Amino acid sequence: TFGHGITVENNPNEIRANGLEPNSIKYGDLIPIDVADKIYDSVIEKHFNSVKTQLSSRGINLNEHQIDALTSLNYNAGNILDFFPAYETYGITQSLCTNWWYNHKIFYPGHIKRRRAECDLFITGVYDMNIHD
């Protein structure tokens with residue numbers, strides 16, 4: 001992992017596209033921050049496009065901040081496949097947060113705040129990691 005939590009093994013194409021050879025990166029190597037930022041932007045764009053494609057294939061039209069929230073969830077939790085049945089059940093309501101999002105793929109206590117902030121962004125358009133302190 002380097003930069004913004006980007007793993008070399010999961011993002012070789014984005015790394016190569018920014019002038020680095022994934023197989024030559026070793027633990028402790030320094031990566032210029034501008035290169036790490038570009039790779040991160042590429043990875044986030046990949047997740048954003050994936051989310052938009054998944055929504056479109058299901059005929060779901062959401063606002064940009066809602067797509068951003070799902071992009072964050074997709075990036076941080078690996079996928080959003082089980083979002084769709086929850087969305088069908090709860091819609092765009094606080095119940096979606098309470099009954100599904102807050103409990104989705106929380107591996108460490110720090111993830112609770114992130115899940116809550118993501119769902120708040122989805123529902124209200126506001127992302128604030130400190131709102132649930």
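Me: What makes residues of helix 6 count as buried, and which ones are they?
Reply: A residue is called buried when its relative accessible area is under 20%. In this predicted model, H111, R115, A117, E118, C119, D120, L121 and F122 fall in that class within helix 6.

Me: How do you know what the buried residues of helix 6 pack against?
Reply: Contact means heavy atoms within 4.5 Å.

Me: Why can helix 3 be described as largely enclosed?
Reply: Of its 14 residues, 10 are buried, so the rest of the structure largely encloses helix 3. The buried ones are Q66, I67, A69, L70, T71, S72, L73, N74, Y75 and A77. They pack against helix 2, helix 4 and helix 6.

Me: What makes the length of helix 3 agree with its residue count?
Reply: At 1.5 Å a residue, helix 3 should span 20 Å; its end C-alpha atoms are 19 Å apart, so the two values agree. Helix 3 is followed by G78, whose phi is positive and near 100°.

Me: Why is a group of residues here called a nonpolar core, and how many residues does the largest one have?
Reply: The name applies because its members are buried residues of the nonpolar kinds listed for a core, joined through side-chain atoms within 4.5 Å. The largest such set has 23 residues, and L55, L62, L70, F83, W101 and F122 have the most contacts inside it. Two or more residues come from each of helix 2, helix 3, helix 4, helix 5 and helix 6. Helix 3 gives the most, with 5 residues. Apart from this core lies another, of 10 residues, including I6, I15, I31 and V43.

Me: What is W101 in contact with, leaving aside its neighbours within four places in sequence?
Reply: W101 is in contact with A69, L70, L73, F83, L96, R115, E118, C119 and F122.

Me: What makes a residue part of the lining of the largest pocket, and which lie nearest its centre?
Reply: A lining residue has an atom within 4 Å of a pocket point. For the largest pocket, 12 residues line it, with T7, N10, N11, H47 and Y75 nearest its centre. The pocket has a volume of about 200 Å³. Helix 3 gives the most to the lining, with 4 residues.

Me: How is the lining of the largest pocket divided into nonpolar, polar and charged?
Reply: Asp, Glu, Lys and Arg count as charged. The lining has no charged residues; 4 are nonpolar and 8 polar.

Me: How many helices and strands does the protein have?
Reply: The protein has 6 helices and 0 strands. Along the sequence, the pattern reads α-α-α-α-α-α.

Notes:
Residues numbered from 1 in each chain as written. Predicted model: local features only at pLDDT ≥ 70, side-chain atom pairs only at ≥ 80, totals over all residues. Heavy atoms only, no water. Buried < 20%, exposed > 50% of the residue type's maximum accessible area, 1.4 Å probe, protein only. 1 Å grid on protein atoms, 1.4 Å probe; cavity = no way out; pocket = protein on both sides within 12 Å on 5 of 7 lines; lining within 4 Å. Points joined across faces, edges and corners; volume = space filled by probe spheres on them. Expected span 1.5 Å × (residues − 1).
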